[in-house]
Amino acid sequence: MNAQSALPFGSAAVLGAGLMGRLLAVTLAQAGCKVELFDAGGPEADGAAARVAAAMLAPLAESAVAPPSVVRMGHYALERWPTLLAGLAQSVFFQREGTLVLWHRQDAPEAARLARVLSHTGELVPELPAMRSLDAAGIAALEPALGQRFAQGLLLPDEGQLDNRELLAALLATLQAIPEVRMHWHAPRTLDDFRPGDQGQPERVIDCRGLGARAQWKALRGVRGEVIRVHAPEVALRRPTRLVHPRYPLYIAPKPGHLFVIGATEIESDDMSPASVRSTLELLSAAYAVHSGFAEARIVEIATQCRPTLPDNLPAFRQPRPGVMQINGLYRHGFMIAPALLDIAMELLATGHSALASRFALATRLETLP
Ligand SMILES: Cc1cc2nc3c(=O)[nH]c(=O)nc-3n(C[C@H](O)[C@H](O)[C@H](O)COP(=O)(O)OP(=O)(O)OC[C@H]3O[C@@H](n4cnc5c(N)ncnc54)[C@H](O)[C@@H]3O)c2cc1C
């Protein structure tokens, strides 16, 4: 993208070193910009939603809860991730083995409703590969351990996933290797701490603080999610598997080394307190019902975080004052759409306009930077 080599400014402060902040800091620095990155937490991204996420890249599966613009961004991002990852200092687990959707016999009506929604998405976003119906033999061919347990399923081909923690670490290592980057940990900042463009100040400030921006972006809310990481040497699953359920839909996202992320609850609440007994029981029982090998799994972590979300559940760019850009509202799709938001941000920073934003119907939400 030429926009990156044509930045009309030489220095930027990026607030928030979660998913969006790290991606932008790397891209700006690689484009020759002097970057200062500030985060309220430490380099392990302990305060970021990005650290606990499953990092599934599943635009068709997510279309059950996301509008076509988000689905299109997700499709775009699946193609962009390999290029972005290739520019990092460390390798990151990334795969596109598709998403498997399964249901127990009694939940067939719920599954039929979902299939209708996904089929409608296929009509609205025809560039997505079509879903495939599976019988037990088809499921067994993809995931040998599951064919005995499930009679029907869906494969959403080419959907992806990556390892969120490897990504955060690789972005950090990349930033550490660029001399023009300075990182400040345990250094919370607000927009009032900067006067972009003034003497001795960064020329631009980019706010990627997720829920940490709430004091200045009142419409933001948290959507609580609880996830469980288990180590399960007896479980072999190659791709993210989603269980359709009327009360507690579940996903199991495999990570390297027989680690599995089981999630996630979705509760309208800013509550960051530890996971409830009820959520933990539901997630673990549902996972055990998918694969009995989880019985002997070891629970490595039970984590809670809140997804930064705007009233319409869509991401947004904002310019509260000259020289300042805010990116927020990534909700439950941050990894799925971040490359699209990154490219839009770089276009905006370079030219004040973004053709890509119009393509994803985000144009009306943008104000141009001066
Ligand atoms: C349980 C769960 C599961 C998820 N699963 C998926 C998934 O499978 N696929 C997917 O695409 N997305 C998923 N997500 C969503 C994804 O994690 C988020 O959309 C994404 O992390 C948001 O990125 P962000 O950079 O805006 O915010 P964050 O990643 O939260 O980063 C914000 C950063 O700002 C810092 N900060 C806060 N206040 C300040 C301050 N005052 N000064 C400086 N720094 C500050 C924080 O410490 C943090 O590091 C999931 C989220 C959750 C919670």
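Predicted model: local features only at pLDDT ≥ 70, side-chain atom pairs only at ≥ 80, totals over all residues.
User: How many aromatic pairs does the count come to?
Analyst: The count comes to 3 aromatic pairs. One of them joins tyrosine 76 and phenylalanine 360, edge-to-face, at 5.5 Å centre to centre with 75° between the planes.

User: Where do tyrosine 76 and phenylalanine 360 lie?
Analyst: Tyrosine 76 is in helix α4 (residues 68–86), and phenylalanine 360 is in the segment after α10 (355–359), so the pair ties together parts 284 residues apart in sequence.

User: Is tyrosine 76 buried or exposed?
Analyst: Tyrosine 76 is buried, because its relative accessible area of 16% falls under the 20% cut-off. Phenylalanine 360 is buried too, at 2%.

User: What about phenylalanine 260 and phenylalanine 294?
Analyst: Their ring centres are 5.5 Å apart and the planes stand at 90°, so that pair is edge-to-face. Phenylalanine 260 belongs to strand β14 (residues 259–263), while phenylalanine 294 is in the loop between α8 (277–290) and β15 (298–309), 34 residues apart. Phenylalanine 260 is buried at 2% relative accessible area, and phenylalanine 294 is buried at 9%.

User: What sits over the ring of tryptophan 217?
Analyst: The charged end of arginine 318 does, 4.2 Å from the ring centre.

User: Switching to the second largest pocket, which residues lie nearest its centre?
Analyst: Ser11, Lys34, Glu36, Gln201 and Pro202, out of 13 lining residues. The elements giving two or more residues to that lining are β1 (11–15) and β2 (34–38). β2 gives the most, with 4 residues.

User: And how do the lining residues divide?
Analyst: Into 6 nonpolar, 3 polar and 4 charged. The pocket holds about 220 Å³ of space.

Notes: Residues numbered from 1 in each chain as written. Heavy atoms only, no water. 1 Å grid on protein atoms, 1.4 Å probe; cavity = no way out; pocket = protein on both sides within 12 Å on 5 of 7 lines; lining within 4 Å. Points joined across faces, edges and corners; volume = space filled by probe spheres on them. Nonpolar A, V, L, I, M, F, W, Y, C, P; charged D, E, K, R; others polar. Phe/Tyr/Trp six-rings, centres within 6.5 Å; stacked < 30°, edge-to-face > 60°. Buried < 20%, exposed > 50% of the residue type's maximum accessible area, 1.4 Å probe, protein only. Lys NZ or Arg CZ within 6 Å of the ring centre and 35° of its normal.
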